[in-house]
Amino acid sequence: MSTKVYFSREISSEKVMEMYEKVGKKLPGKVAVKLHSGEAGNQNFLKPEFWKPVIETVNGTVVECNTAYEGERNTTAKHQKLLEKHGWSRYFDVDLLDAEGPDLELAIPNGKIIKKNFVGKNIVNYDSMLILSHFKGHPMGGYGGALKQLSIGVASSAGKAYIHGAGNPAEIWTSDHDSFLESMADAASSVVDYFKGEIVYINVMKNMSVDCDCCAVAEDPCMQDIGILASLDPVAIDQACLDLVYASKDPGRDHFLERVKSRNGVHTIEAAAKLGVGSREYELIEV
């Protein structure tokens with residue numbers, strides 16, 4: 001049976017909420033809302049006002065983790081200040097999952113590259129998760145979507161270095177590239193297992209730059225906005241986004257795809273599908 005991925009060409013806060021409801025899953029208990037809070041200086045990240053209705057609908061707590069690179073989010077003090085500045089703490093309860101150690105270690109017995117994942121320990125306070133992804137390019141992963149949020153996004157600062165280094169944090173920027181992508185898939189699988197499938201995924205294809213929201217200096221968007229997708233399957237939703245880019249007639253499409261292909265971005269999807277995280281076969285249902 002192929003996975004359902006809901007798709008709307010209309011992009012608005014209200015539509016995000018509608019798409020969440022379309023998926024038909026009520027997230028139980030205390031809901032962690034994982035999104036990208038945006039690096040200082042980044043112009044493309046999706047702002048708190050945009051996500052507000054859906055976060056309020058699930059009565060969620062916005063969760064983030066510190067970065068593993070220099071910037072305004074690599075220490076708890078700096079990151080909390082930026083969360084305030086970007087408006088997240090103004091509207092929502094915000095929880096920096098790895099604000100203080102020790103990290104929570106999740107086992108990945110069937111991981112291809114890494115056998116454990118280090119995540120912010122406060123994750124134990126949540127029963128379910130809403131993954132709100134801004135779909136765009138990425139300097140290392142090729143693209144950023146649901147699988148990256150599950151892996152690098154939920155990993156603690158040390159956990160990010162561990163994934164990037166394919167199990168050796170000392171090789172954070174120098175590890176074998178496909179091994180890094182496979183490590184992301186391994187890490188994503190551990191978070192899906194942890195929440196036993198109590199996760200809903202929403203990808204918004206807007207402000208589509210080749211650069212991630214983690215870049216302080218990011219290229220402006222190169223493509224027209226495409227729409228909103230929602231699913232219970234992180235592999236299917238990311239695959240559907242890539243397929244929509246391939247199908248696009250936008251003049252900026254080739255520039256965007258050059259970033260994805262030059263970093264072998266699809267390999268994270270391939271690796272996650274192989275691990276059973278989700279399916280690359282899906283039914284796109286336009287809403």
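**Pocket and cavity briefing**

The residues lining the largest pocket split into 10 nonpolar, 10 polar and six charged. Keep in mind as you browse that this is a predicted model. The largest pocket holds about 340 Å³ of space, while about 40 Å³ lies in the largest cavity. Here is a quick tour of both.

**The largest pocket**

- A total of 26 residues line the largest pocket, and those closest to its centre are Tyr69, His138, Lys148, Ile152 and Cys214.
- Which element gives the most to the lining of the largest pocket? Helix H5 does, with four residues.

**The largest cavity**

- The count of cavities of 30 Å³ or more comes to one.
- Lining the largest cavity are Leu35, His36, Leu46, Trp51, Leu132, Ser133, His134, Gln149 and Asp213.
- Strand E7 gives the most to the cavity lining, with three residues.
- By residue class, the cavity lining divides into four nonpolar, four polar and one charged.

**Elements to look at in the viewer**

Terms used
Residues numbered from 1 in each chain as written. Predicted model: local features only at pLDDT ≥ 70, side-chain atom pairs only at ≥ 80, totals over all residues. Heavy atoms only, no water. 1 Å grid on protein atoms, 1.4 Å probe; cavity = no way out; pocket = protein on both sides within 12 Å on 5 of 7 lines; lining within 4 Å. Points joined across faces, edges and corners; volume = space filled by probe spheres on them. Helix = DSSP H or I, 4+ residues; strand = E, 2+ residues; numbered from the N terminus. Nonpolar A, V, L, I, M, F, W, Y, C, P; charged D, E, K, R; others polar.
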